[in-house]
Amino acid sequence: MTRETVIASFVIRFVRPAAGIGTLNNTGLDNGDEAPNLRIAVRHIQGGQERRFADLDDAVDFIRDEIQLLERD
């Protein structure tokens, strides 16, 4: 039996908060804490779920988990 192609589409938005919420220094990092001052929103198109993250690794884990769920079906 051949396996069907699994399609998973995601929209990833990188949002920098407005001034006053946090500012970027000349290295692109917020206040020297080694974390980018960005917020990441990931929307899974087929499932309609949207999650927000402060860490890119967490966003990638969400995408990976959604793909694994699709592959199980």
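**A predicted 73-residue protein**

Of the 73 residues of the protein, 18% count as buried, where buried means under 20% relative accessible area, exposed over 50% and partly exposed in between, with a 1.4 Å probe and protein chains only. This is a predicted model, in which local features need pLDDT of at least 70 and side-chain atom pairs count only at pLDDT 80 or more, while totals for chains, interfaces and linings use all residues. Residues are numbered from 1 along each chain as its sequence is written, and side-chain values use heavy atoms, without hydrogens and water.

Student: In what order do the elements of the protein run from the N terminus on?

Tutor: The protein has one helix and three strands. These are DSSP runs, with helices (H or I) of at least four residues and strands (E) of at least two, numbered from the N terminus. From that end, the order is β-β-β-α.

Student: Is Ile 12 buried, exposed or partly exposed?

Tutor: Ile 12 lies in strand β1. Its relative accessibility is 40%, so Ile 12 counts as partly exposed.

Student: Which residue has the side chain of opposite charge nearest to Glu 66?

Tutor: Glu 66 is found in helix α1 and is buried, yet has no salt bridge. A salt bridge needs a side-chain nitrogen of Lys or Arg within 4 Å of a carboxyl oxygen of Asp or Glu. Lys and Arg count as positive and Asp and Glu as negative, while His and the chain ends are not counted. At 6.5 Å, the nearest side chain of opposite charge is that of Arg 51.
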